[in-house]
Amino acid sequence: MLLPRLLPPNPALAVPARSNAAAALALLFLLTAGPALAQDLTVYSNGNVPVGGSRQLTAYVPLVVNTVTWDVNGVAGGNSVWGTVDGKGLYAAPAAVPSANAVRVRATSTSQPSKSAQVTLTVTQVQPRLWGISPRSVAPGAFTLTLNGLYFTDNVVVRFGGVALPTTRQSSTQLTATGTATAAQKGLDVAVAVSQTGVGAQVSDTVNLRVTAESTPAPKPTPTPTPTPTPAPTPTPTPSPAPSPGTGLGSVDLQAGRLLEQAAFGPTPAALARVKLIGIDAWLNEQLSQPETVIADPGTGGMSNSVMQAQYLNRLSAAPDQLRQRMAYALGQIIVVSMNKNVYPNEIYPYLQILSRHAFGNYRALLGEIATSPQMGKYLDLANSNKPGAGSGANENFARELMQLFSIGLVKLNADGSVAAGPGGLPVASYDQSTVTQLALAFTGWTYAGAGNNNWENFSGPLQPRDVNHDKTAKSLLGCSLPAGQSAQQDMTAALDCVFNHPNVAPFVAIRLIRSLVSSNPSPAYTARVAAVFNNNGAGVRGDLRAVLRAILLDTEARNDNAGGSSNPSINPNSGRLKDPTFHIVAMVRALGGSISATNQQAWSFTRLGETPLAPPSVFSFYSPLFRVPHSALVGPEFQIYSPTEAVLRANLVWQILSNPGSDFSVDISRFVNLAGNSAALIDAVDQTLLYGRMPAAMRQSLANAVAAQQDNRSRALTALYLTLLSGQQAVQY
């Protein structure tokens with residue numbers, strides 16, 4: 001299920017041709033409205049739209065020029081908060097219900113801008129569906145119901161005759177609820193429904209529960225007649241008892257294992273032992289002082305991107321500076337450059353060097369080097385963006401994405417990352433088109449290295465300023481004033497300083513990094529604590545990524561390692577994050593004591609999983625940072641590339657690596673094969689290696705049953721590893 005991507009404002013093109021039915025409706029409107037309204041513009045029609053859904057709107061313009069532009073709540077083309085509308089009037093609801101969920105979609109005549117019309121669309125949650133309940137009848141008194149349906153999210157409650165019952169969500173398709181039927185309800189059919197809470201809540205279909213006069217008596221046993229003696233039957237084999245899965249070895253590795261999933265690409269046996277030996281704080285200090293792994297030029301002859309991709313996967317799996325690799329990976333999901341446009345190695349690997357170099361540095365310095373890098377200059381068209389003139393003009397791409405994706409986001413934020421409410425409770429845009437225009441002018445006059453003023457692509461060094469092509473007028477943006485007459489370098493520096501010091505930057509960057517490293521749904525308090533460190537590292541420095549990283553990893557919300565006790569840890573089911581394909585596969589290989597070779601040929605394998613190494617499909621990276629878990633209010637960006645198809649393909653790659661790793665994956669499962677004669681010992685080893693002792697008892701029993709059905713020790717080991725790696729317990733980083 002794909003929800004709408006974040007898109008910049010998109011001007012409308014033209015009104016689509018109307019069907020005969022729509023034309024007839026429009027004609028009827030004109031005939032009945034009278035001459036005073038004959039020149040008015042009309043939009044059809046109001047209604048509800050669920051999150052992720054869409055509605056086609058039609059604008060009727062009784063003018064010779066019948067084109068319109070569209071906006072949502074006054075924003076041309078809409079945005080990710082209120083939904084988007086394209087040039088043909090197709091409205092796409094946002095991924096989450098906005099706090100004020102009645103949005104206004106307006107069409108404005110291009111020939112007569114004073115003529116406009118609007119409709120109000122109400123964004124709702126996806127309606128839960130109720131198909132059946134069990135039992136269908138109860139007696140007065142206490143009862144327990146099982147309800148089956150679809151789209152049961154965490155915020156639903158079962159209602160019995162309109163009264164909310166204590167409700168437990170078993171899955172997205174099943175609920176249980178307890179309640180009490182009164183004596184006054186005897187003989188009645190009482191409506192049962194599933195109701196959501198919160199903005200845009202919906203109620204399911206209803207199913208009637210019959211309250212009977214009394215409990216249905218259990219059938220009386222039929223008296224057994226005295227049997228006639230018969231020959232004893234031939235004995236049948238007694239079913240074998242279920243294989244014992246054992247009780248587990250505890251979770252002594254849990255604290256170290258969770259840290260290494262957050263601060264590295266998962267634990268290796270050696271890394272796990274190191275963290276346990278010296279402790280978390282000392283390990284972080286050790287990693288922060290670890291020499292930077294060299295990111296070398298893979299060779300410029302021909303198209304050597306496959307070599308660069310192979311080296312990249314090898315670094316993620318084997319580089320000793322794992323904390324730097326993990327942080328650079330997270331920063332690369334915020335500040336994106338892609339081989340989809342930058343098609344040669346020298347257009348990519350220096351960008352990777354910048355991310356690595358600044359992973360423990362300052363965010364302002366990172367923005368400064370990115371802004372003048374020829375790699376970003378090509379990707380977002382800043383290079384050769386010149387002042388307005390005959391045949392030229394400022395390119396707005398870098399200016400827009402710097403604000404939308406690299407620093408402040410689309411709407412104003414509170415210090416805890418929540419959206420700041422404006423008039424009427426609506427979010428307030430953090431910038432508008434005039435801001436984009438002014439910022440783009442501030443960034444004019446930069447070109448590739450060379451002797452000219454507008455040089456051809458050259459990636460040998462940073463972009464160079466050319467004041468002759470720079471717009472030197474005064475500029476005003478985000479509350480900052482840039483005086484007239486400044487050079488390209490002066491305006492670049494001042495503009496970046498202005499953006500960097502915007503109050504949105506701290507919570508915006510904090511929540512993006514937390515989502516990449518620890519949890520897709522951090523609490524507002526967690527975000528606020530990290531944002532405060534971004535604003536001031538304790539020594540008055542803003543943007544210190546080393547301090548921010550320590551704040552993220554050492555926060556109590558990240559270090560809730562034994563929330564339910566060391567023998568039976570119970571992590572909040574809303575915590576953690578789905579592992580994206582790259583992280584999942586790399587972490588699996590590392591856990592099994594291996595790495596991905598520097599000469600591997602596996603880029604295509606990751607392409608099939610929706611994550612081609614170094615080639616995200618857009619400036620939003622591989623998935624929208626605001627994507628919601630389907631049929632849930634929870635943010636889950638990585639779920640956007642975990643469709644049923646991609647889940648099966650990921651499972652296939654896991655099996656390939658386990659059963660036939662070849663020279664690309666240096667995994668070794670012999671330890672598990674040697675233990676496979678004892679199912680409890682095998683499951684213990686798998687549990688400790690992949691889940692750090694957290695495997696639930698029911699899962700242990702399921703594995704024991706599956707292992708017992710195999711014919712040899714290798715098959716048993718493969719089965720236990722494969723099923724565990726595909727389980728939610730392992731695929732989600734808790």
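Two strands count as paired here if DSSP finds at least two bridges between them, and the strands themselves (E, at least two residues), like the helices (H or I, at least four), are DSSP runs numbered from the N terminus.

Figure 1. Strand β17 (residues 167-171) and strand β18 (residues 174-181) run antiparallel and are held together by four bridges. Look for serine 171: its bridge partner in β18 is glutamine 174. This is a predicted model, where local features need pLDDT of at least 70 and side-chain atom pairs count only at pLDDT 80 or more, while totals for chains, interfaces and linings use all residues. Residues are numbered from 1 along each chain as its sequence is written, and side-chain values use heavy atoms, with hydrogens and water left out.

**Figure 2. The whole protein chain, for orientation, with its 23 helices and 26 strands.** Of its 734 residues, 51% count as buried, where buried means under 20% relative accessible area, exposed means over 50% and partly exposed is in between (1.4 Å probe, protein chains only). With a contact taken as heavy atoms within 4.5 Å, residues 24 or more positions apart account for 67% of the contacts with a separation of 6 or more. The pLDDT (the predictor's confidence in each residue, from 0 to 100) averages 88 over the chain, and 88% of the residues score at least 70. Residues 1-39 have a pLDDT below 50, and this stretch has 62 contacts in the model beyond near neighbours in sequence. Residues 564-570 are also below 50, with nine contacts counted in that way. Where pLDDT is low, the predicted coordinates should not be read in detail.

**Figure 3. An open sheet of five strands in the order β2-β11-β10-β5-β6.** The pairing in this sheet is mixed. β2 (47-50) and β6 (75-76) are at the edges with a single partner strand each, so one side of each has no neighbour in the sheet. β2 pairs with β11 (residues 116-124) in the parallel sense, over four bridges. To get your bearings, find proline 50, which stands opposite threonine 124 in β11.

**Figure 4. Another open sheet of five strands, ordered β13-β20-β19-β15-β16.** Here too the pairing is mixed. The edge strands, β13 (137-138) and β16 (163-164), each pair on one side only. Further in, β19 (residues 189-196) and β20 (residues 207-211) run antiparallel and are joined by four bridges. Valine 192 has valine 207 in β20 as its bridge partner.

**Figure 5. The largest cavity, with a volume of about 340 Å³.** On a 1 Å grid over the protein atoms alone, a cavity is a set of points where a 1.4 Å probe fits but cannot get out; a pocket is an open set with protein on both sides within 12 Å along at least five of seven lines, and lining residues have an atom within 4 Å of a point. Grid points are joined across faces, edges and corners, and a volume is the space filled by probe spheres set on the points. By this rule there are four cavities of 30 Å³ or more. The lining of the largest has 24 residues, with Tyr312, Tyr329, Gly332, Leu352 and Leu614 nearest its centre. α5 (305-318), α6 (322-331) and α7 (349-357) are the elements that give two or more residues to this lining. By class, the lining has 14 nonpolar, seven polar and three charged residues; Ala, Val, Leu, Ile, Met, Phe, Trp, Tyr, Cys and Pro count as nonpolar, Asp, Glu, Lys and Arg as charged, and the others, Gly among them, as polar.

**Figure 6. Glutamine 309, a residue of helix α5.** Glutamine 309 counts as buried because its relative accessibility is 8%. Leaving aside residues up to four places away in sequence, glutamine 309 touches Met339, Ala603, Thr612, Pro613 and Leu614.

**Figure 7. The second largest cavity, holding about 120 Å³ of space.** Its lining is made of Gln333, Arg512, Arg515, Ser516, Phe620, Ser621, Tyr623, Pro625, Pro637 and Glu638. That splits into four nonpolar, three polar and three charged residues.

**Figure 8. The second largest pocket, with about 880 Å³ of space.** There are 33 lining residues, and Arg169, Val629, Leu634, Phe639 and Val732 are the closest to the centre. β25 (577-578), α18 (644-659) and α23 (728-731) each supply at least two lining residues, and α23 gives the most, with three. The classes come to 15 nonpolar, 14 polar and four charged.
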